[in-house]
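Let's walk through this fold one piece at a time. Have the model open and follow along.

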Amino acid sequence: MAFKKVNGKWVPDIPEFELGIAFSAGDWNQGPGGGRFTPAMRHELDLARKVANLSMAGCKFIEFHDTEALPDDAPKLLKIVEDGGLKVHMCTANLFKRPEFVNGNFGSPDPKVRQAAINYTKEYLQVGIEIFKANLYVYWTGSNGINVPFGVDYRGAYERTAECLAMIMDWQINTFGAERALPFLVEPKPNEPPAWSYPGDVGEVLAVISMLPPRLQPFFGANPETCHSQMGGKRFAMELGLAAAKKKLWYVHLNGGSENPKFDEDRAFGDINFTTAVEIVWTLREIGFRYPVGLDVQPLPGDRNDQQVESVARSLRNFDRAMTVCDRIDPKILAEYQLDGDQASISDYFVSCLVNE
Ligand SMILES: [Mn+2]
């Protein structure tokens, strides 16, 4: 079951855990590395090794793109995942690395491009439902964006994106029934690979969902990612608050990165700015977030072969450390300072909790 009816309304039926117990990470979060400006420093690992590493690091779940876990291979790969003691939490069709999507996907003015994006998405939703028994599906914007001014007709771009999402969800519900439909989460990013991407932040995701026919809106949520938010100049914990206020926070991709526009660093959660990590964990606790927590983190460029899963493992340790700091924060004291608007005392109180003064 991926949706259930509560008081006559469809709500996601995603497994729930105490916060800090259940983590998921991507198949793509271990590997050789390398890019346009960096050398590949590690071996490719086979899936069994990756699964063993994730399990050792403390994860319960793994997630896949359709380009690394091909639909035809899914049964075989699922067996490797299950033999290693994990389950598949999320799956996602790759709408960025395929040549047909180089200038966009769901928002493209070219109907052939949109149809291809819809087809890949449907195919992997089916794999997620029937083979992986995944808990949810994520659409990351990927190439949906522009690289130069006038790159697309902007109103149409958002309208077409919403139309594609509606078509996919209608198909999913008609084919599998609402109970088995995978919750469809949109992961926003403001740029990269395109110079400007859409939907670019949680607010834009909520706006696109609001453009869908009301009968379909309950089946869509958001998957905010720390680095993506920060690249857009957003405070990640505020994005969590916005998504939660609209009851659309069904997953998160946590990681670490610079809090000024830079690039998608995908560092371990808690790297770069531990204060931010504590604020994120605090916000998830306050919201009552009970779904598995995702990590989208890459090895550091110079990590060795025996450190392939170190960024995931460090993320989990830092999550735990952040929980420890949160335990020291008295919500009543914080609420009093917030009520008084006493930002100076908030800052002072937070650091005293951080260093366990
Ligand atoms: Mn992500």
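Keep in mind that this is a predicted model. Start with two helices, α3 (residues 111-132) and α4 (residues 154-176): their axes come within 10 Å and cross at roughly 35 degrees. The crossing of α3 past α4 is right-handed. On the α3 side, the residues that meet α4 are R114, A117, I118, T121, K122, L125 and I129; facing them from α4 are R160, C164, M167, I168, W171, Q172 and F176. Sort the residues of this contact by type and you get 9 nonpolar, 2 polar and 3 charged.

Which of its residues are buried? They are A74, L77, L78 and V81. These four lie on the same side of α2 because they cover an arc of only 105 degrees around the axis. Among the elements covering them are α1 (47-57), the strands β4 (61-65) and β5 (87-92), and α3. Look at the face of α2 turned away from the buried side and you'll find the exposed residues P75, K76, K79 and D83. Just after α2 comes G85, with a positive phi of about 85 degrees.

How values were computed. Residues are numbered from 1 along each chain as its sequence is written. This is a predicted model: local features need pLDDT of at least 70, side-chain atom pairs count only at pLDDT 80 or more; totals for chains, interfaces and linings use all residues. Axes are lines fitted to C-alpha atoms, for helices over the stretch in contact, and angles run from 0 to 180 degrees between N-to-C directions. A crossing is left-handed if the near helix is turned anticlockwise from the far one by less than a right angle, and right-handed if clockwise. Two residues are in contact if their C-beta atoms, placed from the backbone, lie within 7 Å. Ala, Val, Leu, Ile, Met, Phe, Trp, Tyr, Cys and Pro count as nonpolar, Asp, Glu, Lys and Arg as charged, and the others, Gly among them, as polar. A residue is buried if 20 or more other C-beta atoms lie within 10 Å of its own, exposed if 12 or fewer, and partly exposed in between; C-beta atoms are placed from the backbone. The arc is that of the directions from the helix axis to the C-beta atoms.
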